[in-house]
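Subject: Structure handover

Hi,

Please find the structure below. My notes on it follow.

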Amino acid sequence: MVQLFKFLLKSTKAPARAHFRPSFLDTLRLAVRGGHGGNGLPKYGGVGGQGGCVYLVAKEGLTLRKVAQGLRDKRVAASSGEDSSKASIFGRRGVDQRIEVPVGVQVYDERHKLIADLNENDSTCIVAGGGTGGCTGTNFLGRPGESRTVNLDLKLIADVGLVGFPNAGKSTLLKAVSNANPKIAAYPFTTIRPQIGTVEYSDLRSITVADLPGLIEGAHANFGMGHKFLKHIERTRLLLFMVDIFGFQLSPRHPHRDCLANIYALNKELELYDPTLLEKPSVLLLNKMDKEGASEIFTRLKPVITDLASGLAQCPEELRPSQVLKFESVVPISAMNSTKVTQVKSQLRRTLLRLAEKQFLADEEQVKEQLQQRVGLVGPKIT
């Protein structure tokens with residue numbers, strides 16, 4: 001009877017719906033330990049082998065989910081060094097443990113101190129060193145390896161980061177311009193995990209766009225998706241702001257804000273989280289321009305949108321930023337209109353090319369200055 005009751009209870013448990021199953025993982029905690037050093041041999045002055053170390057290697061195409069699946073117990077230990085013996089005066093070194101992680105991972109220790117930033121393919125770092133082998137300086141006793149807990153924090157690397165409040169049409173745009181297939185619905189917070197799409201052009205060039213969960217007020221203080229959202233825009237080359245031309249209301253308990261107030265609110269959240277984000281190049285998309293009355297609103301607000309500093313006096317104090325964004329361009333669009341979407345793709349590419357040219361010229365000038373300093377004032381002038 002008891003077995004039958006257990007079977008009936010088990011059969012009533014429905015599997016979790018797909019969107020509740022965690023698929024995107026951007027934080028992983030690991031316990032790592034270096035190998036113990038081998039003991040020396042006092043009679044012959046033998047030296048024990050050094051313990052193996054645990055190190056990380058950044059690799060393209062990996063995800064933290066795959067890393068977690070390969071390390072079930074989240075513990076990694078390197079092997080110990082070999083003891084010294086008559087047959088082998090110098091003990092062999094312990095075997096290292098290599099862990100492949102995605103490109104873009106930052107490694108922190110227990111005190112949240114940054115150990116390494118693995119933002120390039122094949123970049124490495126040692127997270128747990130092996131103990132030294134026994135010798136005269138240690139009374140021939142091997143030392144224990146380093147043991148610690150590390151946090152792997154993944155920050156997406158994409159060309160463009162899509163920023164906006166919930167239900168602004170970001171997922172609709174991403175689906176229209178790229179190969180991504182995000183969830184789209186007529187309610188806020190349909191995007192609960194970052195999505196990356198690749199925008200491909202006829203000449204086979206491509207750019208990556210990251211659609212991130214909708215931002216809400218207080219995200220800088222970790223409200224809503226909070227830092228889980230904001231950290232992913234730190235490594236994008238271009239910020240693509242998307243705002244509903246008719247404004248936004250989070251819920252009946254929140255006030256309705258017009259388009260301009262939402263732009264200031266996004267500006268303020270980024271400033272409170274990290275003021276350096278405001279220095280990134282940015283483009284503003286004003287969505288839902290296909291609806292009635294949108295053109296009149298855009299005509300009225302355009303002078304202030306193109307120069308946000310001119311409207312600070314009329315901005316509510318709680319939304320007023322100290323430093324305003326300067327948009328590379330302001331593009332009125334409809335994410336449902338294929339013609340407008342094509343214009344967005346062209347605009348993104350032109351902006352990224354212009355930024356690349358600026359960076360190339362800046363790097364060229366820096367190289368010239370460094371070469372000029374090396375040859376000295378008496379050398380020939382480099383032009």
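Helices H5 and H6 pack with their axes 10 Å apart, at an angle of about 30°. Axes here are lines fitted to C-alpha atoms, for helices over the stretch in contact, and angles run from 0 to 180 degrees between N-to-C directions. H5 and H6 are therefore roughly parallel to each other (angles under 35 degrees count as such).

This is a predicted model, where local features need pLDDT of at least 70, side-chain atom pairs count only at pLDDT 80 or more, and totals for chains, interfaces and linings use all residues. Residues are numbered from 1 along each chain as its sequence is written, and side-chain values use heavy atoms, with hydrogens and water left out.

Back to the helix pair. From H5, Cys-259, Leu-260, Ile-263 and Tyr-264 meet Leu-301, Val-304 and Ile-305 of H6. Contact means heavy atoms within 4.5 Å.

Which residues of H6 are buried? In this helix, residues 294-305, they are Ala-294, Ile-297, Phe-298, Leu-301 and Ile-305. They sit on the same side of H6, because they cover an arc of only 95° around the axis. The arc is taken over the directions from the helix axis to the C-beta atoms. An α-helix has 3.6 residues a turn, so residues three or four places apart point the same way. The cover over the buried residues of H6 includes helix H5 (259-273), strand E13 (282-287) and strand E14 (327-332). On the face turned away, Glu-296, Thr-299, Arg-300 and Pro-303 are exposed. Buried means under 20% relative accessible area and exposed over 50%, with partly exposed in between (1.4 Å probe, protein chains only).

Next, strand E9, residues 160-163. Both of its faces are covered. Val-160 and Leu-162 are buried on one side, Gly-161 and Val-163 on the other. E9 runs parallel to strand E11 (residues 206-211), with three bridges joining them. Gly-161 stands opposite Ala-210 in E11. Four bridges join E9 to strand E12 (residues 238-244), also in parallel. There, Val-160 stands opposite Leu-238. Strands pair if DSSP finds at least two bridges between them.

Finally, the overall numbers. The protein has seven helices and 14 strands. These are DSSP runs numbered from the N terminus: helices are H or I, at least four residues, and strands are E, at least two. Of the 383 residues, 45% are buried. Among contacts between residues at least 6 apart in sequence, 71% join residues at least 24 apart.

Best wishes

How values were computed:
Parallel < 35°, antiparallel > 145°, perpendicular 65-115°, else oblique.
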